[in-house]
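Subject: The structure you asked about

Hi,

Here is the structure I promised to pass on. Have a look at it first, then read my notes below with the viewer open.

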Amino acid sequence: MRSPEKGIAVKDPTAVERANLLNMAKLSIKGLIESALSFGRTLDSDYPPLQQFFVVMEHCLKHGLKVRKSFLSYNKTIWGPLELVEKLYPEAEEIAASVRDLPGLKTPLGRARAWLRLALMQKKMADYLRCLIIQRDLLSEFYEYHALMMEEEGAVIVGLLVGLNVIDANLCVKGEDLDSQVGVIDFSVYLKSDDDIGGKERDVQIAAILDQKNYVEELNRQLNSTVSSLHARVDSLEKSNTKLIEELAIAKNNIIKLQEENHQLRSENTLILMKTQHHLEATKVDVEAELQTYKHSRQGLDEMYSEARRQLREESQLRQDMENELVVQVSMKHEIELAMKLLEKDIHEKQDTLIGLRQQLDEVKAINMEMYQKLQVSEDAMKEKSEIISRLEDKTNQINAAMKQLEQRLQQAEKAQMEAEAEDEKLKQEYVNKSESLQKEFSQKEKQLLQLETDLKIEKEWRQTLEDDLQKEKETVSHLRIETQEIINLKKEFLKLQEKNKQLKRICEDQEAALQELASKLSESKLKIEDIKEANKALQGQVWLKDKEATHCKICEKEFSLSKRKHHCRNCGEIFCNACSDNELPLPSSPRPVRVCDSCHAMLIQRCSSNVP
């Protein structure tokens, strides 16, 4: 293996593959364009240079393609990246849909070959592949980083494919078996001969023709775009023109209607002028006749006017007097109604307060009953708890006595044990020879000792249980003491509520007494108001005499004269002379004193003394 220090560069095999494929693509595209131009008509699927071009394109697209794992085997096809074109270029959706709908295609490779043929027929293969090359991040899912489509060679091939737009191809994809074709490049087609070397002039002509065709096609595209924009403008102008024509027709119809209405109004105006002229002439004649009659009747009318004026003054005087009397009666009636309303309002308010106080009294009574029941329950609980406390105290006394007894028995047992041990030692020392008898006695003593120990354990356990019971009883006693304290607090609250209840009862009794006084006063005022109403009804039934009809005084029965002038009673309406009564009373409704007869004067004085309004 050579070292890199000697300057000999080792070429990358993938770069060599890319260069070879690029050169083959150049040769195939150039040969296809030259042969198609020399052929001079539409190409079909059996044309050999076209078949070689599809084989070269298939090799270029397969270079650096990633192997994808499927369910049954490994899959390596170019249909995946070509299927991605429809998402990037919306016009490619039609090709992809037609390729999927072809009935004879079963493999992805066959669908890719059909897609390339349809793209060539549409003259958009370069556009589709250019959109695919731009999206390098999407292509990295299908190709390796060193693939032809991921490098600059792919962009060069896309640029070369633009020249294929000069070729017109009509390929039948439906009946052709694209799944089982073998893609082998025929290099003999691209080898140069002596005849090809001498045809430089023909190449120059072909290049000029191709340039002219590309220019014409580009110009045609621009013209098509301008034509489409002009068509859109023409459509918009036609629509606006139709709208303007409709608006013009509507405006013409409105103008015709307005002209007809103008003619009608002018004719009506002329008719009205004629009628008014005739009416003016007739009114002039009538006015002249009425003027003559007016001159004749003016003298009689002046006399009648003077007499009517005198009567009007009299009637106006009478009317003024009647209006004054009516105002007095209306003011008295309003005052009586206002007093009635105020009295009724006070009665309703007092009744509402009485009802509210009764409800409060019922609530207080209910609260007192509840508190009394709670007090009874708490007293019963106190009695039960005091009994329990006395029992617990007895029980604790018994437990203490038993504890003392147990302690005495324990002391006696310990003393007995000590005595037994002392005796045992003495017996051991004194009676060593009598071991058998002593052993028997010792065994008996041991048994007694074990029994005493068991008794002592039992006594200890019993003492522990008694201590636990004593602790529990102490806790219950503390709880009972807390409950007794709560009961004492409840008693205090109950006493406070009783005091409040007594105060509320006193207030309620005071208010009931006040309400009774108000009710008695209201009953008296109602009776007085009824008397006043009856008097007003009696007075309303009477009819006042007119001044012309009254000729004699109602009291002295003498004829009225200049010395005996007429006077009306403002209360009963009777007419009397000034000599019979000169009683005058001040009323709140009138600014000056009012003259009344003797009987009405006595009645009004009595009412005023009894404080009746």
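A quick definition to start: a helix here is a DSSP run of H or I with at least four residues, and helices are numbered from the N terminus. Keep in mind that the model is predicted.

**Salt bridges**

The count comes to nine salt bridges. Let's walk through some of them.

Begin in helix H2, which covers residues 48-62. Glu 58 and Lys 62 both sit there, four residues apart, and that is about one turn of the helix. Their side chains meet in a salt bridge, at 3.2 Å from N to O. Is Glu 58 buried or exposed? Glu 58 is buried, because its relative accessible area is 7% and the cut-off for buried is under 20%. Lys 62, on the other hand, is partly exposed at 32%.

Next, find Arg 100 and Glu 83, a salt bridge whose closest N and O atoms are 3.1 Å apart. Arg 100 belongs to helix H5 and Glu 83 to helix H3 (residues 79-83), so this pair ties together parts that are 17 residues apart in sequence. Arg 100 counts as partly exposed, with 38% relative accessibility, and Glu 83 is partly exposed too, with 28%.

Then go to helix H12 (residues 435-541), where Glu 467 and Arg 463 are four residues apart, or about one helical turn. They form a salt bridge as well, and the closest N and O atoms are 3.8 Å apart. Glu 467 is partly exposed at 38%, and Arg 463 is partly exposed at 35%.

**Surface patches**

Tyr 215, Val 216, Leu 219 and Leu 223 make a nonpolar surface patch of about 400 Å². Leu 223 lies in helix H11 and is partly exposed, with a relative accessible area of 47%. There is also a negative surface patch, formed by Glu 379, Asp 380, Glu 384 and Glu 387. Glu 384 is in helix H11, which spans residues 200-430.

Thr 14 is in helix H1 (residues 13-39). It is buried, at 15% relative accessible area, and its side chain makes a polar contact of 2.7 Å with the side chain of Asp 12.

Ser 98 is in helix H5 (residues 93-101) and is partly exposed at 31%.

Cheers

Conventions:
Residues numbered from 1 in each chain as written. Predicted model: local features only at pLDDT ≥ 70, side-chain atom pairs only at ≥ 80, totals over all residues. Heavy atoms only, no water. Patch = residues over 30% accessible without salt bridge, like charges linked within 9 Å, V, L, I, M, F, W, Y side chains within 5 Å. Areas by Shrake-Rupley, 256 points an atom, 1.4 Å probe, with all protein chains shown as cover. Salt bridge = Lys/Arg side-chain N within 4 Å of Asp/Glu carboxyl O. Lys, Arg positive; Asp, Glu negative; His and termini not counted. Charge placed at Lys NZ, Arg CZ, Asp CG, Glu CD. Helix = DSSP H or I, 4+ residues; strand = E, 2+ residues; numbered from the N terminus. Buried < 20%, exposed > 50% of the residue type's maximum accessible area, 1.4 Å probe, protein only. Polar contact = N/O pair within 3.5 Å; in protein donor to acceptor, adjacent residues only side chain to side chain.
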